[in-house]
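Good morning. Please have the sequence and the model open.

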Amino acid sequence: MTKITAKAHSNIALVKYWGKKDDGLRLPANSSVAIALDEAYTLTTVDFDESYKEDEVQLLGQGFEDDEVEKVKKHLDSVRKLASIQTKAKVVSQNNFPKSAGMASSASGFAALSMAAANAAGLQLSEREMSVLARNGSGSASRSIPGGVSVWHTADDDLSSYAEQIPYPPEWDIKVLLVMAEDTSAKKVSTTEAMAMAATSPYYQGAVLEAEKNILSLREAMVSGDWKAFGKVIEDECYRLHSVCMTQTPNILYWRGVTIEVFQAMYRLRDQGVEAFFTVDAGPHVHIVCQGKDIEAVKQSLKSVGGIKTVIECGIGEGAKLVSDHLF
Ligand code: DP6
């Protein structure tokens, strides 16, 4: 069979996914919205061939943990089932950013794996079917298939829970700065395990309802071109996710000192009239959402904050696609 390579971008959630209504199918408790990041991506090459006696799985430079290898193999099994084949595969993957530290490497990882494996197995899936396949590997990966700004729909059955692009005002010239904290050590508990405890928070049910309201407000802000209203939802969502994390059992605190220092820097910047907004996923790193015209002011404001390792400047990334340069 043919060797296939796919490229998929990471994404940052503006309205967050934190809790499933069906763990097996990875059906999210609420819909979510994300931006794909052009400068943070995964490349994955997949080759199904009779010469492989077992699946071989490698992550160049960073290495996979045993449980991650098992997840990849399980995903290959799903693809084999869809394609009615039994052939084992070799998978080689590479991220251009640190994995497992709240940087959504599972999003770009499972999106690239789904696209490469499905095509290498001879399947011809629509974007929606590909998003469903990626969701089954890792929920947030569903949104890295369409790329752009996307909404991932909650639903009660497998095929209805997928992500698709939604329009946003192009004149905003949206940029996202990934502010990487010096502490990029891998998460001790995987997002899947941490999220499985979300419902132990006394605020969980209310938080899920709030997320659905926030999707409506975010979409309204994008239709009316109201940047400040858009930013308010982004920050409310950051606090909503972390309120659930902090109050679930066991409690999870993803933030470090630098995380809060960056929040404060954005509050100061807003006092000076620069409208930039922060959000954080399951880790200490901050994503700042701003307009292209304000990017230098935002970068300047970060200079006074200690504990930042690097800042990666991103525009909006495209959807997952096939590329011709293979990793092996
Ligand atoms: C905090 O997609 O990694 O980034 O479906 O269990 O693999 P699984 O979870 P995952 O969770 C991402 C959670 C988040 C918020 C978000 O991306 O919406």
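Does K20 count as buried or exposed? K20 counts as buried, because its relative accessibility is 15%. Buried means under 20% relative accessible area, exposed means over 50%, and partly exposed is in between, with a 1.4 Å probe and protein chains only.

Before going on, two remarks on the source. This is a predicted model, in which local features need pLDDT of at least 70, side-chain atom pairs count only at pLDDT 80 or more, and totals for chains, interfaces and linings use all residues. Residues are numbered from 1 along each chain as its sequence is written, and side-chain values use heavy atoms, with hydrogens and water left out.

Back to K20. It lies in strand β2, residues 20–22. Helices (H or I, at least four residues) and strands (E, at least two) are DSSP runs, numbered from the N terminus. Apart from neighbours within four places in sequence, K20 is in contact with R26, L27, P28, A29, T192, M195 and Y204; contact means heavy atoms within 4.5 Å. The K20 side chain also makes a polar contact with the side chain of Y17, at 3.2 Å. A polar contact is a pair of N or O atoms within 3.5 Å; within protein, one must be able to donate a hydrogen and the other to accept it, and residues adjacent in sequence count only if both atoms are side-chain atoms.

R26 has a positive phi of about 50 degrees, although it is not a glycine. With 11% relative accessibility, R26 counts as buried.

Y17 leads us to the ligand. Which residues come nearest to the ligand? Of the 17 around it, they are Y17, S138, G139, S140 and R143. Near here means that a heavy atom of the residue lies within 4 Å. A polar side-chain atom of Y17 is 2.6 Å from a ligand oxygen. For S138, an N or O atom of the side chain is 2.7 Å from an oxygen atom of the ligand. R143 likewise has a polar side-chain atom 2.7 Å from a ligand oxygen. On its own the ligand has 460 Å² of accessible area, and the protein covers 95% of that. Such areas come from the Shrake-Rupley method with a 1.4 Å probe; for residues, only the protein chains shown count as cover.

Helix α4 (residues 191–195) gives the largest share of the shell around the ligand, 3 residues.

S140 is in the loop between α3 (127–137) and β7 (149–152). S140 is buried, at 13% relative accessible area. Leaving out neighbours within four places in sequence, its contacts are N11, Y17, S106, A107 and W152.

Now the cysteines. How many disulfides does a search of the whole structure find? The search finds 0. A disulfide here is a pair of cysteine sulfur atoms within 2.5 Å. The sulfur of C238 is too far for a bond, because the closest cysteine sulfur, in C245, is 9.8 Å away. C238 is buried, at 0% relative accessibility.

Last, a backbone detail. The peptide bond from T249 to P250 is cis, with omega near -5 degrees. P250 is placed in the loop between α6 (227–247) and α7 (257–271).
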